Amino acid sequence: MAIPLSTSLLPNTFQCNGNHNHRSTRLFPNQPLNFGLKHHRNENKLSMPRNPPVLSAVSGSTGLESSAVSEDNVDLLDAVKVFDLNGNEIPISDLWKDRKAVVAFARHFGCVFCRKRADYLASKKDVMDKSGAALVLIGPGSIEQAKTFAEQTKFKGEVYADPSHSSYNALRFVSGVTTTFTPKAGLKIIQLYMEGYRQDWKLSFEEDTVKRGGWQQGGILVAGPGKTNILYIHKDKEAGDDPDIEDILKACCS
């Protein structure tokens with residue numbers, strides 16, 4: 001049975017925040033960005049060190065894009081707070097300050113793609129555990145939504161809520177109608193429903209998700225130890241844009 005794309009991706013009418021930066025950058029193996037690099041005058045890109053990290057082109061992007069994680073982004077992240085399931089406020093960079101962490105950013109807690117992503121990453125948690133890397137998922141929503149997600153999915157990692165969406169803004173994850181309604185996303189919706197995954201419509205229709213339109217995309221970050229030690233970042237270009245799991249494992253576990 002075909003699943004209508006409009007009812008599977010998001011619960012609200014068309015609203016768009018206008019951010020359409022379709023870029024994602026992957027860094028590995030285990031080599032942090034050098035945030036002390038000097039910026040060229042009048043150029044929006046970084047000078048690369050003499051021996052730069054290996055970069056993998058993603059969906060047409062090549063090289064290190066300044067929109068991926070800049071020094072300003074790291075400064076903004078340092079001010080971001082998220083909440084654990086007990087309601088404790090935690091600086092997001094504390095999640096990887098003293099350890100390595102694989103951090104997944106969900107579209108929203110009711111999203112069918114994010115339930116698949118949770119399983120996709122959890123399937124490799126034993127590999128992450130052996131390498132001392134924590135598995136974390138952050139969603140743009142309330143603590144109660146995060147609790148419901150954790151209970152429903154039985155996610156093996158840590159779950160945090162970002163009610164203000166401040167981490168998404170700091171990392172400049174894309175958002176918009178054209179990043180949500182795509183042919184590829186529509187086909188993946190059908191595939192996921194055939195696999196037994198379902199959207200949680202109660203979570204999807206809660207006020208915060210509806211108010212913000214449900215157009216937010218997420219990504220995956222590998223970082224730490226060290227607050228500014230960003231090893232890898234993937235920014236979803238569209239809904240359901242999962243990176244290759246082997247790229248993530250190279251960054252966190254090799």
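This is a predicted model: local features need pLDDT of at least 70, side-chain atom pairs count only at pLDDT 80 or more; totals for chains, interfaces and linings use all residues.
Q: At what angle do the axes of helix α4 (residues 112-122) and helix α8 (residues 183-195) cross?
A: Residues are numbered from 1 along each chain as its sequence is written, and side-chain values use heavy atoms, without hydrogens and water. Helices (H or I, at least four residues) and strands (E, at least two) are DSSP runs, numbered from the N terminus. The axes of α4 and α8 (lines fitted to C-alpha atoms, for helices over the stretch in contact, with angles from 0 to 180 degrees between N-to-C directions) come within 10 Å and cross at roughly 65 degrees.

Q: In which hand does α4 pass α8?
A: A crossing is left-handed if the near helix is turned anticlockwise from the far one by less than a right angle, and right-handed if clockwise. For α4 passing α8, the crossing is left-handed.

Q: Which residues in α8 do Val112, Phe113 and Lys116 in α4 meet, and how many residues of each class does the contact have?
A: Contact means heavy atoms within 4.5 Å. By that test, the three α4 residues meet Ala185, Lys188, Ile189, Leu192, Tyr193 and Glu195 in α8. Ala, Val, Leu, Ile, Met, Phe, Trp, Tyr, Cys and Pro count as nonpolar, Asp, Glu, Lys and Arg as charged, and the others, Gly among them, as polar. The contact of α4 with α8 then has 6 nonpolar, no polar and 3 charged residues.

Q: How many of the residues of α4 are buried?
A: Buried means under 20% relative accessible area, exposed over 50%, and partly exposed in between (1.4 Å probe, protein chains only). The buried residues of α4 include Val112 and Phe113, and also Arg115 and Arg117. Helix α4 is mostly covered, the count being 9 of 11.

Q: How far is the C-alpha atom of tyrosine 193 from that of valine 112?
A: Tyrosine 193 lies in helix α8, and counts as buried because its relative accessibility is 14%. Tyrosine 193 and valine 112 are 81 residues apart along the chain, yet their C-alpha atoms are separated by 8.6 Å.

Q: Is lysine 202 buried or exposed?
A: Lysine 202 is in helix α9 (residues 201-204). Its C-alpha atom is 7.6 Å from that of glycine 110, 92 residues apart along the chain. Because its relative accessible area is 65%, lysine 202 is exposed.

Q: Is histidine 165 buried or exposed?
A: Histidine 165 lies in the loop between β7 and α7 (166-171). Its phi is near 65 degrees, a positive value in a residue other than glycine. Because its relative accessible area is 7%, histidine 165 is buried.

Q: How far apart are the C-alpha atoms of proline 140 and alanine 161?
A: Proline 140 is in the loop between β6 (133-139) and α6, and counts as buried because its relative accessibility is 3%. Proline 140 and alanine 161 are 21 residues apart along the chain, and their C-alpha atoms are separated by 6.1 Å.

Q: Which proline is joined to glycine 224 by a cis peptide bond?
A: The proline is in the loop between β8 (219-223) and β9 (230-235). Omega is about -10 degrees for the bond that joins glycine 224 to proline 225.

Q: Over which residues does pLDDT stay under 50?
A: The protein chain averages a pLDDT of 76, and 68% of the residues score at least 70. The stretch under 50 has 154 contacts beyond four places in sequence in the model, and it covers residues 1-67.

Notes
pLDDT is the predictor's confidence in each residue, from 0 to 100.
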